Amino acid sequence: MSGVGRVGDTTGQMFKDIGALTGENEIPVIPVQDLSRPCVLQQVRGPQAPQLFELVKDVLIVGRAEDADIRVPSTSLSRRHLRLERGQGTYRAIDLDSANGLYLNEVRVHSAVLRDGDNLQLGNAVFLFHEGK
Amino acid sequence: MAFFVRFWGTRGSIPTPGRSSYRYGGNTSCVEIRNGETLFICDGGTGLRELGQDLIRRQSAPLTGHFLFSHMHWDHIQGFPFFAPAYRPDNTFYIYGTSAGDKRFHSLLSGQMRSSYFPVDFSELNAHVASTDLGDSGARLIDGVLVRCFEQRHPGGSYAYSLEKDGRKVVYATDNELDLTLEDIELPKRDPAAPRLLPSRFVEFCRGADLLIADGQYTDGEYLLYAGWGHARATTVVDLAMQAGVKQLAIYHHDPMQSDRDVELKIEVCRQRVARFGSPLFVFAAREGVELKLD
């Protein structure tokens, strides 16, 4: 059965003991990788919205350039507007001296460590940041 | 040249880790202010530890930093023994007194690194950690940045600092019970909506700041319980900023009992007050990990 396994190693000893008490020898084991999920940038406003971007790279560029990792075809964004850098379980957003700036929850910032639910505005594009696990 | 201002610790009184402070942060007072290669560090609360780690990551060359301490209460110095760059030879840090010959801050800072309090003695720091001061006038040019200090109202005393260069100005003013300095102390009780007049000397000190980082620990309700504890209610800080023509106000030194949601509600009340007076002032909550560029 997928996602279900017999616990026999030492890490499952406690569950095994519980199983002995309850008479159940099989308990579900969910592989750790199935619980993890990447951070997500959700575009909620602007060209091509709505759309979701899973952040899997350590460094990403957001802008209107053809080669941007997250491309927003709008002149209100600079070609390379924003860099996202992974670190400590989340991302740091850094304004790349863009013409129209980076707004975090309506505050113009140069950079910020992102938190779940943050609102990022770049030109006429608005994103919500969802922290991964 | 632009000022870069980064918040490393925004909490008042005591570190407040945990989910309730997840967004605005739980580290105590520490703000990094850079102008070109010149590094100022305002206070050394627990946020200073992470600033130290970041400085090491971003700079391999010898480092020079200028410490401007508001005062020596625990939440403003606790990070210093864990400030890794202070353990590295070739680095130099200046601890500023607020008048000529004033070595109090250097002396008190080293005092917390005696064996009764901490296993590593101050004398064992490998960096050069020197005492210097702002002179008799309380003002000094440091690498072209004019630094001035202003004595505030706080138990044991505290100082605000203003940093100016090329027409840009940042004011760091924490641990200051503004309400006790009002021209009419009873006014907020009689008429909470009325404008509260602050002392003209302090208003002029803050005049025209691009950014004022100020102690706004309490909501109006909390201040009624904690008047005399040395901290401002956020709405009075708003009045200071409006009277001084400040552009942006970062409410700082959040009370440890305030959750992220509480901080946001405190800011919302401040914004409503600004709107009522029709001021262009922008108010926001200082948040750990956020960096502003003032150019």
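Here is our chat about a helix pair and a chain contact.

Mentor: Before you ask, this is a predicted model, where local features need pLDDT of at least 70, side-chain atom pairs count only at pLDDT 80 or more, and totals for chains, interfaces and linings use all residues. Residues are numbered from 1 along each chain as its sequence is written, with chains lettered from A and ligands numbered from 1 in the order in which they are written.

Trainee: Is helix 6 of chain B parallel or oblique to helix 7 of chain B?

Mentor: The axes of helix 6 (residues 234–243) and helix 7 (residues 260–277) of chain B come within 9 Å and cross at roughly 40°. Angles under 35 degrees count as roughly parallel, over 145 as roughly antiparallel, 65 to 115 as roughly perpendicular and the rest as oblique. So helix 6 of chain B is, relative to helix 7 of chain B, oblique.

Trainee: Which strand of chain B gives the most residues to the side that touches chain A?

Mentor: Nine residues of chain B are in contact (C-beta atoms, placed from the backbone, within 7 Å) with eight of chain A. Four residues on chain B's side come from the top contributor, strand 14 (residues 290–294).

Trainee: And what is the bridge partner of Ser111(A) in strand 14 of chain B?

Mentor: Strand 11 (residues 111–113) of chain A and strand 14 of chain B run antiparallel, joined by two bridges. Strands pair if DSSP finds at least two bridges between them. In strand 14 of chain B, Ser111(A) is partnered by Glu291(B).

Methods. Axes are lines fitted to C-alpha atoms, for helices over the stretch in contact, and angles run from 0 to 180 degrees between N-to-C directions. Two residues are in contact if their C-beta atoms, placed from the backbone, lie within 7 Å.
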